[in-house]
Amino acid sequence: MNGNENIQMKKLCESDEYYKEIIELCAGNTKAEFYPEFGEEAWKCTCGHTNSLSCENCEGCGVSSDKLRLYFSELFLMQRKRENEVRRQAEEKKRMEEEAEKWRKIDPNIENVYSNAQRFEPTRDNYLEAAKKLEAIKDYKDSASIAKKYRELAEDAPLYDKKTLAEMRGKKIRKWFNIALVFAAVLTVLYVAAYFTLIAPNGFKYKVVDGEVTITSYDQFFGGKNVVIPEEIFGKRVTAIGDYAFENCDAVISVKIPETVKTIGNGAFRNCDSVKTVIVPSSVTKIGTTAFSYCDNLTEVELYAQTNLLPMTLFRECTKLSTVIIDMPLEKIETGAFDKCRDIKVVKYSGTREEWEKIDIQNGNGSLLQAAVQYEYIP
């Protein structure tokens, strides 16, 4: 055994965590009971016996030093680890199928319970309520993992749904309408002054983190109906559109997202009722949940993002959406990403039929599955 191999073996054996993994992976492959250690003039077998470097076999248990080098080589351990992972995944899948079958025998209506628990207005309370329902059937399919994700989403979800917000807004307007008329002139002057000191040109509010700009909100009055997000603001690159940045901008009819943007936050364009077309550029690597939900007049989306996931409720209730162009390395479309998008007629997909069929399209995307798919589409 040469010097480099000695150093490598020492590194492998110095870590307790690695030692535990060796014991698990190499079970049944050698008579040795523990991991080998190598000295400068001798090598210690896993059985505890110390041998001279000239010994090719342990004088205690007879195991070959070459066999130990094989069994404890990095390549062998990686191979065994992959095999064990595949086995564990197969066992987990079988276990989930068995548990699901048990639930079906207990409750023939379990599939409806599972599906209905995932159909709701995405508010904080609704997320938590859905999580409770799924936790009650946690052994059925992937209920437990979805419930966990719902609890995470609840932390950033809005407190009220669209209808409740509209009612609250109406009451507030009626209550303060007369007072607002009296102070309208003064408030206008103050607002304009604040705008030119706190808001960037074209109606954008923003924050700077680590030298990069995140758009945090948009003022329709000063910015106008046709939004062109700049690549830079005062010399700093715009790399993110923050959570709910354009939410309820119902006067906006078009939005141009630059190639500098990497992240589109949760609910970023939620309730932009007048927007008709959305183009997500290839620079985007992350899209948040409900980012384009409830855009009532959205008819076409073009997705060129470099992410393999379309998150939950991404285009929920975009009822006029008819054309979807997908040119991205897509592997998974999560629950309800296209929920209630009943008018989808065509999906133009840049990949092959085989690649499309490998995509994990989860529940609540029936309209997407029923649409005509044009494969190997070139934008």
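Which residue is the bridge partner of L309 in β16? I started my notebook with that one, and the answer is K332. A reminder to myself: this is a predicted model.

**Entry 1: the sheet around L309**

I looked up the strands here next. Two bridges join β14 to β16 (residues 332-333), and the two strands run parallel. They belong to an open sheet of three strands, ordered β14-β16-β18, with parallel pairing. I noted that β14 (309-310) and β18 (360-361) are at the edges; each has a single partner strand, so one side of each is left without a neighbour in the sheet.

**Entry 2: a sheet of five strands**

I then turned to another open sheet, where five strands follow the order β11-β13-β15-β17-β19, and the pairing is again parallel. Its edge strands are β11 (277-280) and β19 (372-374), each of which pairs on one side only. I also checked the angle: neighbouring strands in this sheet are turned by 10° against each other on average, ignoring direction.

Strand β15 (residues 323-326) and strand β17 (residues 346-349) pair in the parallel sense over four bridges. Here I found T323 of the pair standing opposite V346 in β17.

**Entry 3: looking for cavities**

How many cavities of 30 Å³ or more does a search of the whole structure find? I got one. The largest cavity has a volume of about 50 Å³. I wrote down its lining: V255, I257, F269, C272, V275, V278, I279 and F292. Sorted by class, that lining has eight nonpolar residues, no polar ones and no charged ones.

Notes: Residues numbered from 1 in each chain as written. Predicted model: local features only at pLDDT ≥ 70, side-chain atom pairs only at ≥ 80, totals over all residues. Heavy atoms only, no water. Pairing = 2+ DSSP bridges. Axes fitted to C-alpha atoms, helices over the stretch in contact; angles between N-to-C directions. 1 Å grid on protein atoms, 1.4 Å probe; cavity = no way out; pocket = protein on both sides within 12 Å on 5 of 7 lines; lining within 4 Å. Points joined across faces, edges and corners; volume = space filled by probe spheres on them. Nonpolar A, V, L, I, M, F, W, Y, C, P; charged D, E, K, R; others polar.
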